[in-house]
Amino acid sequence: MKGTKPSRRVFWFVSTCPLFRVVFLLSTVVNLGSSFVATSQLRQHQLDYSTTRHFVSSPSASSTYYATDQVDLSSGVSAQVLSKFPSNSSSSKTTIRSSSRNTKPPLIFIHGSFHSAWCWCEHWMDYFVERGYPVVALSLRGTGGTFAGEGVKNVKIGEHAADIQAFLSQFEEFLQNQSDAKNKKDGSNPAMWQNFMGSISPPNSSPAKAKPVLISHSFGGSAVMKYMETFPEELGNLSGAILACSVPPSGNGPMTLRFLRRSLVQSWKITKGFALKKCLDQLDLCRDIFFGGPVKVIEEQRDDGSTVSIVEDYGVSEEDLVRYQSYFQRDTVATIDVTDFVKHLPSKQWDENRQSPFLSKLPPCLVLGANRDYLVDREGVEETANYFGVDAQIIDSPHDIMLGKNWKLGAEAIFHWLEANGM
């Protein structure tokens, strides 16, 4: 195979695992070519990013618009940033908050592998904007929106951490640049911007309210852990941190061993989906890994004795799935350098209790897991929770908790946690 060696990509799932060689050998007899039909469908959905500021409609094709910016970071990349802010319009349903002065912390979303900032736009960004939170989603280096460099195929975990740090250090400047409200096509007005920008450093209120909350998913959680480990002196600048279905501090290796003991089939599907990137063009495999499994037809009996067939697609239609796969293809221009990642796992720095070395400096933290997660098992979630010194909260969802029909369960869990912590 050209490009990145398969062994390097497989190393993402396990650092040392003799049994895993059996699984990997099966890959040599698998058809590595993409289906012509699937490829044609995906190409029809490819999107392009401009390097100038513009507005994009919600990926779910709603009437919602998000500002899209290319932010030049001090770490050396031009990062794609999607954002939306609460409106002060009395006619808007976003007036859930009780005060005309917005003092709720901004929420910064960090995506996982194969995804980028778009994944938060489907449901969650609007959900939190309607509850008074400014929302911002960053596309990490190597995705379609944040170019990693000519010919770059792998990104180091330290580079992701540096990009997060750079964006956070420039965050107030980014917010200030959004104050040109006349360029906002939806959801903003000058009065709201004056109120919001005033809340960054209001004269008679707590400045902590303006500190952002980091919300990460899957591998985005590993990037956040590396940021915290590298820049512990900056943790006081956060209001909180939330990790959902995060890759645990010890990486994927121990989880892969557990999966091998439980199910060779599941281990093989994960290997094929990620190491061989077949979830980019195989619809059923993509469903298994991210969205809860194959479509089912359920026969339900009515009160009158008749039966009705109900299609269970877990809230992800065939059209949605093809669209998501096109985004996955676009956002795997450069993927994580797995060899480097294994050398710099967060677990290499944890203490005798398997907790983070920066535990005493942490803001309030929430660790979420999903009971139907195909990639991160319960032990992995518990490991992450212990690393942050908190109890894990498990919701009913597959891996992509921000997508699919149960998206609201994860959003509500986060919202209730924010409220409980005075945010």
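In the predicted model described here, the charged end of Lys84 sits over the ring of Tyr66, at 5.7 Å from the ring centre, where a charge is taken to sit over a ring if NZ of Lys or CZ of Arg is within 6 Å of the ring centre and within 35 degrees of the ring normal. An arrangement of this kind is also found for Arg131, whose charged end sits over the ring of Phe415, 5.6 Å from its centre. Because the model is predicted, local features need pLDDT of at least 70 and side-chain atom pairs count only at pLDDT 80 or more, while totals for chains, interfaces and linings use all residues. Residues are numbered from 1 along each chain as its sequence is written, and side-chain values use heavy atoms, with hydrogens and water left out.

The secondary structure of the protein chain comes to 15 helices and 13 strands, helices (H or I, at least four residues) and strands (E, at least two) being DSSP runs numbered from the N terminus. Of the 423 residues of the protein chain, 57% count as buried, a term that stands for under 20% relative accessible area, with exposed meaning over 50% and partly exposed the range in between (1.4 Å probe, protein chains only). Among contacts (heavy atoms within 4.5 Å) between residues at least 6 apart in sequence, 75% join residues at least 24 apart.

A search of the whole structure finds 26 aromatic pairs, in which rings of Phe, Tyr and Trp (its six-membered ring) have centres within 6.5 Å, planes under 30 degrees apart counting as stacked, over 60 as edge-to-face and the rest as tilted. One of these pairs is formed by Trp120 and Trp124, which are tilted, with 5.6 Å centre to centre and 45° between the planes, and both of these residues are buried. Tyr127 and Phe128 form an edge-to-face pair, with 5.0 Å centre to centre and 85° between the planes. Tyr127 counts as buried because its relative accessibility is 4%, and Phe128 likewise counts as buried, at 0% relative accessibility.

Two packed helices are described by the angle between their axes and the distance between the axes. Helix 5 (residues 157–169) and helix 8 (residues 219–230) pack at an angle of about 75°, with their axes 8 Å apart; the axes are lines fitted to C-alpha atoms, for helices over the stretch in contact, and angles run from 0 to 180 degrees between N-to-C directions. The two helices are therefore roughly perpendicular to each other, given that angles of 65 to 115 degrees count as roughly perpendicular, under 35 as roughly parallel, over 145 as roughly antiparallel and the rest as oblique. On the side of helix 5, the residues that meet helix 8 include Ile157, His160, Ile164 and Leu168, and their partners in helix 8 include Phe219, Val224, Lys226 and Tyr227. By class, this contact has eight nonpolar, four polar and one charged residues, where Ala, Val, Leu, Ile, Met, Phe, Trp, Tyr, Cys and Pro count as nonpolar, Asp, Glu, Lys and Arg as charged, and the others, Gly among them, as polar.

Two of the residues in this contact, Ile157 and Lys226, are also touched by His344, not counting residues up to four places away in sequence. His344 and Lys226 are 118 residues apart in sequence and 8.5 Å apart in space, C-alpha to C-alpha. His344 lies in the loop between helix 13 and strand 12 and counts as partly exposed, at 36% relative accessibility. Arg354 is found in the loop between helix 13 (338–343) and strand 12 (365–370), and its phi is near 60°, a positive value in a residue other than glycine. A positive phi, near 55°, is also found for Ser218, in the loop between strand 7 (213–217) and helix 8.

Eight of the nine residues of helix 11 (residues 283–291) are buried, so this helix is largely enclosed by the rest of the structure. The buried residues, among them Leu283, Arg287, Asp288 and Phe291, pack against helix 10 (264–275) and helix 12. Helix 11 is followed by Gly292, whose phi is positive, near 105°. Helix 12 (residues 318–330) contains Val322, which is buried, with a relative accessible area of 5%.
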